[in-house]
Amino acid sequence: MRQKIISCDKCTGCKNCELACIVVHSPNEDLKQAYKDGGIAAIRARCKVELTSDGSLFPEHCRHCAEPQCAQACMSGALSKNDAGHVVCDTETCVGCFMCVMSCPHGFARPSTGDQRIMIKCDGCSERVCAACVEACPTGCLTLGEADEQGDGVVYIHPPKAREAC
Amino acid sequence: MRHLIIGNSAAGTAAAEAIRERDPAARVTMLSKDTAFFSRCQLHLVASGRRSSAKTRFVPRDWAQRHGIEVRLGVEVTGIDAHQKQVLCSNGEILPYDRLLLSTGASSLMPPIAGMEGPGVFGLRNLEDAEGICGQIMGCKNVVVIGAGLVGCELAEALIKASHTSVSIIEMAPYPLPLQLEQHTGARMRQLMGEHGINMICGDSVSAIERNAAGNPCAVALKSGRILSADLVVCAAGVRPNIDLFAPLGDIGRRGIPIDEGCRTSVTDIYAAGDVTESCDNTLGRVMPSAIWPAARRQGRVAGINMSGGSEALTDHTGLKTSAVLCGIPLVSLGPIFDLNPAWQKQIYEHTDSRGRLCTKVCYTQSDGSLAATVLWGDVSLAGLYAEAIVKKRSVGDLSPGIVPDYRLQAVG
């Protein structure tokens with residue numbers, strides 16, 4: 001399994017990752033068309049660069065946890081881990097109960113902002129050779145590699161103090 | 001090693017998966033009196049006809065084959081012999097076990113009210129209940145739901161949404177969802193449900209269900225003296241754990257089978273998980289049932305790991321987490337909202353989001369600054385972080401309103 005390796009000290013807060021995520025999750029990967037159609041508010045980036053209270057940048061990405069609590073909380077069977085090791089949501093099955101939202105300790109299962117009442121999360125770009133956020137990162141903060149076979153799908157290097165731990 | 005699992009819902013399936021993950025050679029048999037896999041949390045959708053029973057299946061079609069589980073549905077276990085280590089089934093079969101898991105769940109609590117027994121009065125706990133309601137609802141004019149807990153409120157909303165009849169809810173507390181909401185959000189939810197066409201009667205209770213000559217319900221009499229027409233009654237006034245199999249064998253607590261950190265019961269090689277159990281809730285530090293899907297899955301997993309020779313403990317366990325969408329409003333309730341400590345500091349923050357929706361956040365903090373309980377109304381995106389702060393007894397820290405740039409909040413009380 002290839003893991004996303006996040007070297008936090010290389011993040012400059014350019015947000016190219018967020019933009020790339022919005023692009024690949026636009027219908028037909030066409031952001032311009034989505035904007036023209038007025039559907040842009042419904043497209044939410046699945047990753048986020050946070051500014052923590054001590055002033056450091058924290059590129060927040062779904063961990064694709066070894067034991068995903070979102071999937072454990074899912075009462076419809078919509079959330080599961082795919083063969084690539086990514087925790088993905090089957091939007092046809094999701095009923096939007098948001099138990100995953102209250103169960104993800106990192107805050108990365110979120111309600112969709114679109115019309116359909118479903119959850120959204122990072123799908124790891126399982127169908128792409130390289131995740132869009134990684135492809136778009138100009139500083140080398142986001143890379144793909146194999147760090148720890150047993151662990152989560154994402155590895156953090158030099159993370160700042162997490163925003164939930166205070 | 002032969003594992004026997006009684007029950008095929010959240011806890012039972014999680015345990016079976018955990019056993020198979022650790023022990024490819026184990027023999028795992030799952031018995032259930034239910035005839036299908038279904039998600040109990042979706043029964044209100046089945047009752048209102050919005051979702052077919054088949055679509056509430058929460059495991060893949062090939063789940064049993066994929067995990068190598070022998071699944072026997074429609075088989076009721078009638079007795080357990082803990083000395084011989086075997087169970088007796090309703091069809092006369094006797095099945096031996098090395099490790100046994102009781103994930104038998106709970107049943108609707110039907111309070112002893114006159115007229116409760118008989119046709120036209122349903123609980124909402126099993127597929128049969130939901131299908132029964134769905135089958136009768138078409139000819140009904142007036143539906144009365146007893147209890148404005150999560151089950152009652154979700155059902156009432158689903159019925160109204162499906163353009164069914166008039167729906168009334170009777171609730172003893174002064175507002176709906178008394179276990180999940182505090183006064184401020186509770187009063188608002190009461191009003192909102194009214195605006196959505198639900199006849200919400202609070203501060204009252206049912207004294208009798210009156211039946212006509214044919215034996216069907218015709219009215220519900222309330223303690224206050226009011227009489228409501230009713231041709232279908234749903235009782236959503238809580239649950240009782242299905243402990244009958246275990247009661248002759250070992251310790252029974254006040255509200256379920258007590259289990260330790262490893263989901264073991266007082267009897268060797270018998271484990272229990274899910275709604276049938278009571279265990280220590282880490283946010284309250286008290287032994288109580290944890291009646292939510294995520295907690296049942298977690299307990300099932302812990303039981304499964306320990307049954308197959310592993311060592312896993314229920315850590316940071318809590319059932320005091322609720323998520324729901326009612327009348328279009330996403331809600332998350334975290335911590336003991338029904339049992340607030342007067343010493344906790346209460347803060348209410350409100351803002352309107354970019355789509356014009358009112359978002360409210362009610363936070364209770366302890367004197368050391370750690371978060372004790374929270375109600376999120378409207379915007380629940382960060383609910384997981386609040387839940388983590390509560391169970392880990394941390395302060396909200398970076399989440400404190402105002403610091404997170406997403407929130408432009410104003411204190412209102």
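Two strands are counted as paired if DSSP finds at least two bridges between them. The legends below describe close-up views of a predicted model.

**View 1. Strand S11 of chain B pairs with strands S10 and S12 of chain B.** Strand S11(B) spans residues 166-171, and S12(B) spans residues 198-202. These two strands run parallel and are joined by five bridges. Within this pairing, Val167(B) has Ile198(B) in S12(B) as its bridge partner. Strand S10(B), residues 142-146, also runs parallel to S11(B), and five bridges link the two. Here Asn142(B) lies opposite Ser166(B) of S11(B).

View 2. How many of the six residues of S11(B) are buried? Five of them are buried, so the strand is largely enclosed by the rest of the structure.

**View 3. Helix H1 of chain B packs with helix H7 of chain B.** Helix H1(B) covers residues 10-22 and helix H7(B) covers residues 293-307. Their axes are 7 Å apart and meet at an angle of about 35°. The crossing of H1(B) and H7(B) is right-handed. Residues of H1(B) in the contact include Ala10(B), Ala14(B), Ala18(B) and Arg22(B). On the side of H7(B), the contact residues include Trp293(B), Ala296(B), Gly300(B) and Ile305(B). By class, this contact between the helices comprises ten nonpolar, three polar and five charged residues.

**View 4. Helix H1 of chain A contains several buried residues.** This helix spans residues 16-24, and its buried residues are Cys17(A), Glu18(A), Ala20(A), Cys21(A), Ile22(A) and Val24(A). They pack against helix H2 (31-36), strand S2 (48-51), helix H5 (132-136) and strand S8 (142-145) of chain A.

**View 5. Val24 of chain A belongs to helix H1 of chain A.** Is Val24(A) buried or exposed? Val24(A) has a relative accessible area of 16%; because buried means under 20% relative accessible area, Val24(A) counts as buried. Leaving aside residues up to four places away in sequence, Val24(A) touches Glu29(A), Cys125(A), Arg128(A) and Ala132(A). Val101(A) is 77 residues from Val24(A) along the chain, and the C-alpha atoms of the two are separated by 22 Å.

Terms used
Residues numbered from 1 in each chain as written. Chains lettered and ligands numbered in written order. Predicted model: local features only at pLDDT ≥ 70, side-chain atom pairs only at ≥ 80, totals over all residues. Heavy atoms only, no water. Axes fitted to C-alpha atoms, helices over the stretch in contact; angles between N-to-C directions. Helix = DSSP H or I, 4+ residues; strand = E, 2+ residues; numbered from the N terminus. Left-handed = near helix turned anticlockwise from the far one by under 90°. Contact = heavy atoms within 4.5 Å. Nonpolar A, V, L, I, M, F, W, Y, C, P; charged D, E, K, R; others polar. Buried < 20%, exposed > 50% of the residue type's maximum accessible area, 1.4 Å probe, protein only.
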